[in-house]
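Try each task before reading its solution.

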Amino acid sequence: MTNEEVKELILKAESGDNAAWESLYAHFERYVHKCVWKSLRKLDMATDRKKAMEEELYQAGRRGFIGSNAEKMSVF
């Protein structure tokens, strides 16, 4: 995926296009989880708890992204 395609998908996702969000997720999922896991593996806790935290962090980020877009859309 080119940078231009990513920018276009971001604009669509910000406008509420769920398909664009899903495309971005599919493209960046491995990278995001890799970055999160890199930080979590340093923590002294059980692997299953780290996996649960990874999922919680991802969901919080997604809710924040969706919530910020909902706020933008309600202004208009």
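**Exercise 1. The chain as a whole**

What share of the contacts in the protein chain with a separation of 6 or more comes from residues 24 or more positions apart? Then describe the overall make-up and confidence of the chain.

Solution. Start with the ground rules. This is a predicted model, where local features need pLDDT of at least 70, side-chain atom pairs count only at pLDDT 80 or more, and totals for chains, interfaces and linings use all residues. Residues are numbered from 1 along each chain as its sequence is written, and side-chain values use heavy atoms, with hydrogens and water left out.

Step 1: contact means heavy atoms within 4.5 Å. Residues 24 or more positions apart supply 35% of the contacts with a separation of 6 or more.

Step 2: list the elements. Helices (H or I, at least four residues) and strands (E, at least two) are DSSP runs, numbered from the N terminus. The protein chain has three helices and zero strands. Their order from the N terminus is α-α-α.

Step 3: check confidence. pLDDT is the predictor's confidence in each residue, from 0 to 100. The protein chain averages 79, and 82% of the residues score at least 70. Helix H1 has the highest mean, 88, while helix H3 (residues 47-75) has the lowest, 70.

Step 4: Accessible areas come from the Shrake-Rupley method with a 1.4 Å probe; for residues, only the protein chains shown count as cover. The accessible surface of the protein chain is about 5,900 Å², and carbon and sulfur atoms hold 57% of it.

**Exercise 2. Tyrosine against tyrosine**

Is tyrosine 58 buried or exposed? Is tyrosine 31 buried or exposed?

Solution. Step 1: tyrosine 58 lies in helix H3. Tyrosine 58 is buried because its relative accessibility is 16%. Not counting residues up to four places away in sequence, tyrosine 58 touches Trp21, Tyr25 and His33. Tyrosine 58 and histidine 33 are 25 residues apart in sequence, and 8.2 Å apart from C-alpha to C-alpha.

Step 1: tyrosine 31 sits in helix H2 (residues 18-40). Tyrosine 31 is exposed because its relative accessibility is 54%.

Step 2: look for a patch. Patches are made of residues with over 30% relative accessible area and no salt bridge: like charges are joined within 9 Å, nonpolar side chains (Val, Leu, Ile, Met, Phe, Trp, Tyr) within 5 Å. Phe28, Tyr31 and Val32 make a nonpolar surface patch of about 280 Å².

**Exercise 3. Salt bridges**

How many salt bridges are there? Find the partners.

Solution. Step 1: a salt bridge is a side-chain nitrogen of Lys or Arg within 4 Å of a carboxyl oxygen of Asp or Glu. The count is three.

Step 1: glutamate 4 pairs with lysine 7 at 3.7 Å, N to O. Both lie in helix H1, three residues apart, about one turn of the helix. Glutamate 4 is exposed, at 56%.

Step 2: lysine 12 pairs with glutamate 8 at 3.2 Å, N to O. Both lie in helix H1, four residues apart. Lysine 12 is partly exposed, at 35%.

Step 3: glutamate 56 pairs with arginine 49, with the closest N and O atoms 3.2 Å apart. Glutamate 56 is partly exposed at 45%, and arginine 49 is partly exposed at 37%.

Terms used
Buried means under 20% relative accessible area, exposed over 50%, partly exposed in between (1.4 Å probe, protein chains only).
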